[in-house]
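Hi,

I am passing a structure on to you, and I hope you enjoy looking through it. Please open it first, and then read my notes below.

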Amino acid sequence: MKADQELPFHASSRSKIKQYLTIALYNDLKTIRTPSGYTLDQAITSGIENPDSSIGIYAGDMESYDCFAPVLLPIIEDYHRLNPGWSHKPGLQEAVLPDLDPEQTFIRSSRIRVARNLCRFPFSGNMNPDQRLSLEKTLKHLFKNLPEKLSGTYTSFTDLNEKQFNALLEKGLAFRKGDRFMASAGINRDYPLGRGIFISRDNVVRIWVNEEDHLRIIAQSQGGDLAYVFNRLIQIVRALEDKLDFAFDPKKGFLTACPTNIGTAMRAGVHIHLKQLEKKRSLLEAITRAYHLQIRGTDGEKTAVEKAVFDISNARRLDISANTIVKDLHKGLQAIIEAERDL
């Protein structure tokens, strides 16, 4: 691309990358290659091919965050609404919180997940087939040697026939190829090669391998006992940390393929039935804003709310500790349940 040309973003695009990547900055960064060979052109492909991208840039490895910092940092600070002097806040200690809904009148289930990537591999959008298989092999060996109380079973998707795979999908255990944004970023390449899931014996802990990030570590349980779910997550994360080196930066926290997830890389949320507040959306939105939470559809982002079941989760991931995220969620849910009962 010549210096006097415009960048090929669609006229309708409102993405962060279009907002912050000037032609001058592009020309400064376009010849840079990270140690794994990732370029700025690769990083912004998704934003160019998908005009409705909100961010439009992906990292191809942990070094992307330094190599392309002149454009990534302002995007990160804008998206995460950071104050000057921001930094990752450590804090992943077991929590003691009362169950807000022991009779499960409102909260259907609680789910907390974190994303993690390994230092020695490129991120998912920049991996070749051999690297995907090598990563999977590393993790399969680790899963086999977990302590007894954390043990479970790993299943490679390539070992399943269509019927077996669909059975896992119906249970919410397997994952399909990612969306078109991830496809443009190279994340879906080689699917289902190197992909799979670890499931703990009690079915509370699940780990997706080679989805958007190398690891999506999930703890999930029926009801609203957030402390139980959070503490189970911590146990498996600590066991993995003992054996693996995660991609981490002291200021930015845990590094992920999408810059929206860096920091704690954690989403903590519940499915909650709110028959009355569904009719009072403005009140529900006011409560969630006050406790730094966000509302999503029943099946997550960009889905509709069905039968008054909302997905309520944290809005902040960076410049805040994991423990504070869970406490905010707990306090916010308490306020939401009180409001629902009062209506």
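**Salt bridges**

Asp52 is partly exposed, at a relative accessible area of 46%; here buried means under 20%, exposed over 50%, and partly exposed in between, using a 1.4 Å probe and protein chains only. Before going further, note that this is a predicted model, in which local features need pLDDT of at least 70 and side-chain atom pairs count only at pLDDT 80 or more, while totals for chains, interfaces and linings use all residues. Residues are numbered from 1 along each chain as its sequence is written, and side-chain values use heavy atoms, leaving out hydrogens and water.

Asp52 forms a salt bridge with Arg180, at 2.5 Å from N to O. This pair links distant parts of the chain, 128 residues apart: Arg180 belongs to helix 8 (residues 180–184), and Asp52 to the loop between helix 3 (40–49) and helix 4 (64–67). Arg180 is also partly exposed, at 44%. By salt bridge I mean a side-chain nitrogen of Lys or Arg within 4 Å of a carboxyl oxygen of Asp or Glu. Helices (H or I, at least four residues) and strands (E, at least two) are DSSP runs, numbered from the N terminus.

There are 13 salt bridges in the structure. Another one joins Arg132 to Asp190, with 2.9 Å between the closest N and O atoms. Arg132 sits in helix 6 (residues 129–144) and Asp190 in the loop between helix 8 and strand 3 (196–200), so the pair ties together parts 58 residues apart in sequence. Arg132 is buried, at 0%, whereas Asp190 is partly exposed, at 27%.

Arg216 and Glu212 meet in a salt bridge too, at 2.7 Å. Both residues are buried: Arg216 at 9% and Glu212 at 10%. They belong to a network of salt bridges that links Glu211, Glu212, Asp213 and Arg216.

Strand 8 (residues 266–273) pairs with strand 10 (residues 309–314) over 5 bridges in the antiparallel sense, and His271 stands opposite Asp311 in strand 10.

Best wishes

Technical notes
Two strands pair if DSSP finds at least two bridges between them.
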